Amino acid sequence: MLFSTEPKTSLDELFDREAEIERFRSGLNERLVLVLGIRRVGKSSLVLSVLNSLGIDYVFIDVRKLYDNVSRKVPAERIYNELRMSLGNLSFWEGVRRIIDEIDVSLGPIRFRLSASRIRDGIAKILEAINNAGKHVVLVFDEAQYLRYSTIGLRPLLAYAYDHLRNITLVLTGNEVGLLHDFLGLDDPSSGLYGRYYHVIELRPFDRERSIEFLRRGFRELGINVDDRVIERAVDELGGIAGWLVYFGRLYPERGEDAINEVKEIGANLVRSELEELFSRSQYYRYIMEAVAVLGKARWSDVMKYLMARMGERPTNATLSRDLNNLVKMGFLTKDGDWYGIPDPIVRYAVLR
Ligand code: ADP
Ligand code: MG
């Protein structure tokens, strides 16, 4: 069903994205694939649908799920456990079971806190065992920007897999595109992944026409007739991010046109926790986001003027530039020439509310 709120898991359910499907498929012959795009745009859906359609072996690790809100870390033993648990789905699981059991035993019960190097070693051994089984396996780290919070350095491990484990293709999805890039260090000479080729699939929100078609098709599936005017208004206010269109589609049968406002309210509540987390990291983020939200789009100097008026304080030029740059890296802002904008209308609404 088009309006299901979970990530899609089969190509029959996936709307549009033909070019991205094709590009992702061809990327699977490479060593490293990055699937990039803002939150709720459809990264997990694309990855899962294509992998399932090919019937190849894959391991899918949602890194965000492993993040510990209290310590603000991703504990390495969680990564080990998650990887370990997902191996049961491999078609050749029985063939590697004995080797993996031995790795488990050598590490001992994971609840006895192990040293970073032993956990890293354990993960490396698991990856080697998978690789040596001789079948192509796709290893997906979903929301991989969270790997930078890992309690052990994972970059060397990924670089090792890239260079030596030829049966494993790494797929990393990310909504904080710039941060993922920094974490991997693809342009950083000190990184083990420096200068390595990688295949990128960038997912953008649907354009207006596609978004309208998305809603029409979803309502047709439900056998509900919805006025074109309402569909167009929904798209104009909610934008082309699949996640928000799905929400609207689900709420419409009960709430009618009010569903548009409800998606904005519910959506704003959902993004609020993301924003609060964000705002706790720099004193200027809140007002920078506010400046761009109020102005619709804004240049560096517009934001500076806004901050001075709103905060009665002037950050240094370097601070403002750094914070703007970070917001772009995290996907909360886009930069087009000199102009900053907010790509997600619900984020804009949440900031203004
Ligand atoms: P992301 O991983 O980028 O955050 P998801 O894949 O979880 O996004 O998608 C968010 C929501 O939008 C889910 O409800 C999903 O089913 C829906 N969705 C995303 N892309 C598509 C698509 N191409 N066709 C149909 N539904 C989609
Ligand atoms: Mg996702």
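1. Of the area that domain 2 buries against domain 3, 52% is supplied by Trp244, Lys264 and Ala268, more than by any other three residues. The model is a predicted one.

2. Ten residues of domain 2 and six residues of domain 3 take part in the contact.

3. The largest pocket holds about 810 Å³ of space. Its lining comprises 33 residues, and those nearest the centre of the pocket are Thr5, Glu6, Pro7, Arg40 and Ser45. Two or more lining residues come from each of helix 2 (43–54), strand 2 (57–62), helix 11 (242–255) and helix 12 (259–279).

4. Which domains each give at least three residues to the lining of the largest pocket? Domain 1 (18–202) and domain 2 (208–270) both do. By class, this lining has 14 nonpolar, seven polar and twelve charged residues.

5. For the second largest pocket the volume is about 530 Å³. The lining consists of 22 residues, with Ile38, Arg204, Pro205, Thr334 and Pro343 nearest the centre of the pocket. Helix 8 (177–184) and helix 15 (317–329) are the elements that contribute two or more residues to this lining. Eleven of the lining residues of the second largest pocket are nonpolar, eight are polar and three are charged.

6. Three strands form an open sheet in the order 6-8-7, and their pairing is antiparallel. Strand 6 (297–298) and strand 7 (334–336) are the edge strands, each pairing on one side only. In general, the strands of a sheet are paired through backbone hydrogen bonds, in either a parallel or an antiparallel way.

7. Where does Lys297 find its bridge partner in strand 8? The partner is Gly341. Strand 6 and strand 8 (residues 339–341) are joined by two bridges in the antiparallel sense.

Conventions. Residues are numbered from 1 along each chain as its sequence is written. Chains are lettered from A and ligands numbered from 1 in the order in which they are written. This is a predicted model: local features need pLDDT of at least 70, side-chain atom pairs count only at pLDDT 80 or more; totals for chains, interfaces and linings use all residues. Side-chain values use heavy atoms; hydrogens and water are left out. Two strands pair if DSSP finds at least two bridges between them. Helices (H or I, at least four residues) and strands (E, at least two) are DSSP runs, numbered from the N terminus. On a 1 Å grid over the protein atoms alone, a cavity is a set of points where a 1.4 Å probe fits but cannot get out, and a pocket is an open set with protein on both sides within 12 Å along at least five of seven lines; lining residues have an atom within 4 Å of a point. Grid points are joined across faces, edges and corners, and a volume is the space filled by probe spheres set on the points. Ala, Val, Leu, Ile, Met, Phe, Trp, Tyr, Cys and Pro count as nonpolar, Asp, Glu, Lys and Arg as charged, and the others, Gly among them, as polar. Domain bounds come from an automatic or database domain assignment. Contact means heavy atoms within 4.5 Å. Buried area is the accessible area (1.4 Å probe) that two parts lose on being put together, summed over both.
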